[in-house]
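Here are my notes on this one, point by point. Have the model open while you read.

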Amino acid sequence: MENQDQMRLHNLKPAPGSRKDRKRVGRGESAGGGKTCGRGQKGQKARGKTRPGFEGGQMPLARRLPKLGGFTPRKRNVFAVVNVSELARFETGEVDPAALAAAGLIKKETERVKILGDGELSASITVKAHAFSSSAREKIEAAGGKAEVI
């Protein structure tokens, strides 16, 4: 015998009160939605359709507000960019943000520095920066130097 409480496709029913018949307007006063059919008296909204956001011919809110150009990300990752070719002026030793700032390649030594791989490098130097492009890392190490991430 099959259990009566078991869930089967032919037993499924929506929860009581979850389904509601649509409101049939314009079917007489006694039906509850007669005469003006819930639209009030006269006027454009009683007679025809208006598109969403329509304000009766007044300049709509979407056009009154100025256009905002994009947004500023809160966690912006800004780097001062230095190319490998600019590192060629350092003969030997260690190049860090303080040395780059002293040489005038970046504005402040507190800036985050990224080394990019444009140009060539012959000197064997140790470069300390916050980020390196893969080509810059290869060129520094090919010249016998080191690329260290701070």
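1. Where does Leu12 sit relative to helix H1 (44–47)? This is a predicted model, and in it Leu12 belongs to the segment before H1. The Leu12 side is partly exposed, at a relative accessible area of 49%. Together with Met7 and Leu9, Leu12 makes up a nonpolar surface patch of about 400 Å² accessible area.

2. Moving on to the loop between H1 and helix H2 (61–64), that's where you'll find Pro52. Pro52 counts as exposed because its relative accessible area, 78%, is over the 50% cut-off.

3. Now the inside. The largest nonpolar core holds 22 residues, and Val82, Leu87, Phe90, Leu100, Ile115, Ile125 and Ile140 have the most contacts within it. Two or more core residues come from each of strand E1 (80–83), helix H3 (84–87), helix H4 (97–103), strand E3 (113–116), strand E4 (126–129) and helix H5 (134–142).

4. Take a look at Ile115. Beyond its neighbours within four places in sequence, Ile115 touches residues including Val82, Leu87, Val127, Phe132, Ala136 and Ile140.

5. Last, the sheet. Three strands form an open sheet in the order E2-E4-E6, paired in parallel. Strand E2 (94–95) and strand E6 (146–149) are the edges, each pairing on one side only. Four bridges link E4 and E6, and Lys128 is opposite Glu148 of E6.

Note on methods: Residues numbered from 1 in each chain as written. Predicted model: local features only at pLDDT ≥ 70, side-chain atom pairs only at ≥ 80, totals over all residues. Heavy atoms only, no water. Patch = residues over 30% accessible without salt bridge, like charges linked within 9 Å, V, L, I, M, F, W, Y side chains within 5 Å. Areas by Shrake-Rupley, 256 points an atom, 1.4 Å probe, with all protein chains shown as cover. Salt bridge = Lys/Arg side-chain N within 4 Å of Asp/Glu carboxyl O. Buried < 20%, exposed > 50% of the residue type's maximum accessible area, 1.4 Å probe, protein only. Core = buried A, V, L, I, M, F, W, Y, C linked by side-chain atoms within 4.5 Å. Contact = heavy atoms within 4.5 Å. Pairing = 2+ DSSP bridges.
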